[in-house]
Amino acid sequence: DDKEKKIHEQERKEKLKEKLGVEGKKPTITNKIGSGLITTLYTGTVKDLIINGEITSATDYQGALANAIGNNSNAIDVTVSGIENNCSVSLDGKTGAGLIGRVIYKGSRSAGAEYNIKVIDCVNNAAMSASSNYAGGIIGCLNGGNYALDGDIVKIQNCDNYGIISSNGYLGGIVGGGNKTYTTSSVVIEN
């Protein structure tokens with residue numbers, strides 16, 4: 001009923017406020033480019049941002065924040081934290097997510113790094129649909145490239161998905177799937 005929906009929506013907003021520190025002070029970006037705000041992210045930190053808009057594309061590996069993190073040949077050290085996504089993503093391609101289209105990584109973790117890729121305290125509120133393959137609320141596909149992931153490579157912590165995820169293939173609220181071999185400790189998802 002309507003009263004329960006309003007209560008649920010208020011609880012969700014309070015949880016977001018608590019988790020992300022949203023007090024009306026976070027920068028807001030409206031994505032109007034039809035692709036991720038960042039094509040490929042190799043190193044650095046992206047944090048404390050609200051993304052609005054809509055992406056409709058026939059290209060694979062799309063996300064409102066980034067189409068991809070990493071590739072088969074570059075060292076990666078990336079942290080994404082405190083992102084709230086309200087930008088819907090609709091793909092005629094095969095893989096995408098509300099936030100990050102795919103994470104692709106070659107080899108083992110960097111010396112001294114706890115994790116090479118960290119996605120922390122992020123929330124997807126928008127719908128995400130892909131015509132086939134992988135669709136996720138936070139990450140579409142974890143892809144080891146032509147290599148097996150070895151060691152603590154990806155950590156996804158305290159992330160939530162409230163958007164509707166749809167695909168004719170693999171889908172998940174947080175991660176749509178993975179398409180290469182991983183050791184048991186390569187990817188950690190925790191609350």
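This short talk walks through the fold, the core and a few single residues of one predicted protein model.

Let me begin with conventions. The model is predicted, so local features are taken at pLDDT of at least 70 and side-chain atom pairs at pLDDT 80 or more, while totals for chains, interfaces and linings use all residues. Residues are numbered from 1 along each chain as its sequence is written, and side-chain values use heavy atoms, with hydrogens and water left out.

Now the overall picture. The protein has 1 helix and 18 strands, where helices (H or I, at least four residues) and strands (E, at least two) are DSSP runs numbered from the N terminus. Of its 191 residues, 49% count as buried; here buried means under 20% relative accessible area, exposed means over 50%, and partly exposed is what lies in between, with a 1.4 Å probe and protein chains only. The exposed surface comes to about 9,000 Å², with carbon and sulfur atoms supplying 46% of it; these areas are from the Shrake-Rupley method with a 1.4 Å probe, and for residues only the protein chains shown count as cover. If we take contacts (heavy atoms within 4.5 Å) between residues at least 6 apart in sequence, 82% of them join residues at least 24 apart.

Let me turn to the strand pairing, where two strands pair if DSSP finds at least two bridges between them. β2 and β5 are parallel partners over 3 bridges, and within that pairing Ile38 has Ala66 of β5 as its bridge partner. β5 is also joined to β8, again in parallel, by 3 bridges, with Ile69 standing opposite Val103 in β8. Separately, there is an open sheet of 4 strands in the order β4-β7-β12-β17, paired in parallel, and its edge strands, pairing on one side only, are β4 (62-63) and β17 (170-172).

Which residues have the most contacts inside the largest nonpolar core? They are Leu65, Ile69, Val80, Ile83, Ile100, Val103 and Ile139, in a core of 34 residues. By nonpolar core I mean a set of buried Ala, Val, Leu, Ile, Met, Phe, Trp, Tyr and Cys residues joined through side-chain atoms within 4.5 Å. Several strands supply at least two residues each, including β3 (43-57), β5 (66-69) and β13 (139-143), and β6 gives the most, with 6 residues. Ile139, leaving aside neighbours within four places in sequence, is in contact with residues that include Ala97, Ile100, Val103 and Ile174.

Two further buried residues deserve a look. Gln62 lies in strand β4 and stands opposite Gly96 in β7; Gln62 counts as buried because its relative accessible area is 3%. Beyond four places in sequence, Gln62 touches, among others, Gly34, Ser35, Gly36, Asn67 and Gly101. Gly70, by contrast, is placed in the loop between β5 and β6, and is also buried, at 4% relative accessible area. Gly70 touches Thr40, Leu41, Tyr42, Ile76 and Ile104, not counting residues up to four places away, and its C-alpha atom is separated by 8.4 Å from that of Thr43, 27 residues apart along the chain.

Finally, the surface. Ile33, in the loop between β1 (28-31) and β2 (38-41), counts as exposed because its relative accessibility is 58%. Together with Ile29 and Leu37, Ile33 makes a nonpolar surface patch of about 240 Å².

Methods:
Patch = residues over 30% accessible without salt bridge, like charges linked within 9 Å, V, L, I, M, F, W, Y side chains within 5 Å. Salt bridge = Lys/Arg side-chain N within 4 Å of Asp/Glu carboxyl O.
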